[in-house]
Amino acid sequence: MNPKLQTVLLAGTLVFATAASAVTIEIQSDQPGAKINPAMWGIFFEDINFGADGGLYAELVKNRGFEFPDPLMGWTKISPSLAKGDLSVRDDAPFNAANPHYLRLQSEGTAPFGVSNEGFRGLGLRQGEAYDFSAQVRGVVGSPALSLQLYGADGTLLDAVQLKGFSSGWKKVTATLHPKDTDANARLCVLVDGKGAVDIDMVSLFPQHTWKNRPGGLRADMVQMLADMKPGFLRFPGGCIVEGSVLERRYQWKNTIGPVEERKLLINRWNYEFLHRPTPDYFQSFGLGFFEYFQLCEDIGAQPLPILNCGMACQFNSGELCPLDQLGPYIQDALDLIEFANGPTNSTWGAKRAALGHPGPFNLKMLGVGNEQWGQQYIDRYARFATVLKEKHPEIQLVSAAGPSPDDERFKFAWPKLRELNADIVDEHCYAKPDWFLANTHRYDHYDRNGPKVFMGEYAAQSVAIVSTKNKNNLDCALAEAAYMTGLERNADVVCLASYAPLFSNAEAWQWTPDLIWVDSLHVYGTPNYYVQQLFARNRGDVVLPVKLSGIETSTAGVQNLYASATRDDQAGEIILKVVNPGAAAIETQINLEGIADIEPKVKATVLTSAGLNEGNSFHAPRNVAPVETDLNVDGPHLTHTFTQHSFTVLRIKTR
Ligand code: AHR
């Protein structure tokens, strides 16, 4: 730990049972308020920033099916001086219709000739791990071998294997490779060895070590980060990706289940969204599809919250609409998804789920209708979905949209309409400067307690400005979010769900910053914002306890020098106090637990802080800003505690 930080933490651990301080935190432990939704703090996943392909989906080969518009993108012709041969992308007699292109490699046999793949902005291999190669191969002329070789970035051969004896029909071939070194920028070479020609398709390389070691599965280190958050729900698949820039390119869940080679590739809308961050190699293979999504939710104990297209393409793009009288197939997709998730195994879609290996239901309880839509066009479409879904599935809570801003005209238009329609849960989005979050912690204090509930479905403090490439995941933003979350928690009778967005970012291929978790081909780290989310989710509590703050300062802009919320964890018999001190001065407080006769003499304090507001984490210093736990010695339910400057603290106080 850096010495500066240690001093700061020590200042935070001074505890006295003495007379009152200027600031008092009174927890009304005897007046419990709202029950907190067990799913309250969750995750928003979208395939942005190479979040799925090149991220969570552990496939290492980019453009494995040669289906990108430039069919050799990601591939390089390898032609050592002696090698003579030819390569061509073809689509006659393909291996399957969904992915019609394949590569023909023809060699004159003078030396191995073929292609190499660069991976998703880095092909990461680890020494000591095994990698499964597979491909569809068809022998065309002669009987050459296929030589598979892994090379490190410096040209060192890491492992090689030869495959022989191909039939004249397509056949899946497999091999296992063991790289002798770790390399973040390795390459996979596929070479024809000997005179002749072969066709290849669906060229794949997967680590055997995936999450739960599922073949063709998810990156274990990335899922672990999600599991460590103990999320209440997992929203999927977005985000604008739900909508598509035009309807033809919308996300259609039915195209994402079944054999991966039959999942048709789609250009990712983030491929071309930002001219300042173009990613021409960004496509959706749907290897992480809806079955894998439900399975992931189950694995990490998160409730599924799928968001479906409601007949509207992204209103920031074409805003294309499906006419109201043609919404039938869209609504049917929603009904079928519910059946896929929950239906009995003798139902059409329940049977498909069972055939994929999950006869039991996935317990879907919530469904989003549209992502970030707005205007009457949305209300009309939501109403049609709601009429059918509520009649057939009253047990499913519907999430509706309030547009992209937390307070503009679109937002103000949506709320009364959705209230009129008796919407269950309204999804609010907010990307704003840290000060907005600090000044809006009382936003929900005055919301109608009898109307729809709120899903704070996308939010993140932006250190510079929304979609600025200079935005940083720093402590400043993390503390602003933590302060705002105390406001969400205090209002858990209105706010039932909340998730930060976006979730993942590949450091070599991102379009949007800030993001909760950053990865490269081998590493992953959580930002200070990640630790805020984790601390809230892991210290949720069952019921809200009212907190009265006195003696704090509030600026004319509504920014306080201290924020707090409290909950009670019934099973642990603990009061959980969360306090954010965003300012530059430590604040001594008197904490009074009203209605509590006695507490255990040790209080667990978890503190997130650092030497300054601009501090963040990186691949080199992944825990520069990370929670630190200490035990505080206390003497009864009236204590003083100093909250260090620039800090977020969680105190767990065990009552007697
Ligand atoms: O989180 C990034 C994007 O922000 C989402 O795709 C969209 O819903 C919002 O505009």
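Start by selecting P528, N529, Y530, Y531, V532, Q533, Q534, L535, F536 and A537, the buried residues of helix 10. Here buried means under 20% relative accessible area, with a 1.4 Å probe and protein chains only; helices are DSSP runs of H or I with at least four residues, and strands are runs of E with at least two, numbered from the N terminus. Because 10 of the 11 residues of helix 10 (residues 528-538) are buried, the helix is largely enclosed by the rest of the structure.

A word on what you are viewing: this is a predicted model, where local features need pLDDT of at least 70 and side-chain atom pairs count only at pLDDT 80 or more, while totals for chains, interfaces and linings use all residues. Residues are numbered from 1 along each chain as its sequence is written, and side-chain values use heavy atoms, leaving out hydrogens and water.

Next, select the ligand. Around it you will find E46, G239, C240, W270, N371, E372, Y431, E458, P502 and W512, each with a heavy atom within 4 Å of it. This shell has five nonpolar, two polar and three charged residues; Ala, Val, Leu, Ile, Met, Phe, Trp, Tyr, Cys and Pro count as nonpolar, Asp, Glu, Lys and Arg as charged, and the others, Gly among them, as polar.

An N or O atom of Y431 is 2.7 Å from a ligand oxygen, one of E372 is 2.8 Å from a ligand oxygen, and one of N371 is 3.0 Å from a ligand oxygen. The protein covers 96% of the 280 Å² of accessible area that the ligand has on its own (Shrake-Rupley method, 1.4 Å probe).

Definitions and conventions: Polar contact = N/O pair within 3.5 Å; in protein donor to acceptor, adjacent residues only side chain to side chain. Buried < 20%, exposed > 50% of the residue type's maximum accessible area, 1.4 Å probe, protein only.
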